[in-house]
Amino acid sequence: MADDKSKPGAGDRDRVSADEEYEVEYFAKRHRISPGADRELIRQHGNNRKALEREARRLRP
């Protein structure tokens with residue numbers, strides 16, 4: 001189910017959802033990695049944003 005953008009709040013900001021295309025694209029663009037690499041990171045390390053950010057930094061050229 002898609003996020004309800006009319007209800008702002010903390011919610012799940014500490015996670016990245018692989019099911020939400022806009023979250024994957026935003027995370028990939030922010031960390032300068034491909035959306036495919038982002039999905040692979042989520043598959044390997046789970047959806048914890050801090051862990052994913054740490055691993056994404058390791059992938060940067």
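A contact means heavy atoms within 4.5 Å. By that rule, residues 24 or more positions apart account for 33% of the protein's contacts with a separation of 6 or more.

This is a predicted model: local features need pLDDT of at least 70, side-chain atom pairs count only at pLDDT 80 or more, and totals for chains, interfaces and linings use all residues. Numbering starts from 1 along each chain as its sequence is written, and side-chain values use heavy atoms, with hydrogens and water left out.

The protein has three helices and zero strands. Helices are DSSP runs (H or I, at least four residues), as are strands (E, at least two), numbered from the N terminus. Of the 61 residues, 28% count as buried, that is, under 20% relative accessible area with a 1.4 Å probe, protein chains only.

The largest nonpolar core has eight residues, among them Val16, Phe27 and Ile33. Such a core is a set of buried Ala, Val, Leu, Ile, Met, Phe, Trp, Tyr and Cys residues joined through side-chain atoms within 4.5 Å.

| Helix | Residues |
|---|---|
| α1 | 21-30 |
| α2 | 35-45 |
| α3 | 49-59 |

Ala28 belongs to the core. Beyond residues up to four places away in sequence, Ala28 touches Ile33, Ser34, Pro35 and Asp38.

α2 and α3 pack at about 130 degrees, with axes 10 Å apart. Axes are lines fitted to C-alpha atoms over the stretch in contact, and angles run from 0 to 180 degrees between N-to-C directions. Ala37, Leu41, Ile42 and His45 of α2 meet Leu52, Glu55, Ala56 and Leu59 of α3.

Definitions and conventions: Buried means under 20% relative accessible area, exposed over 50%, partly exposed in between (1.4 Å probe, protein chains only).
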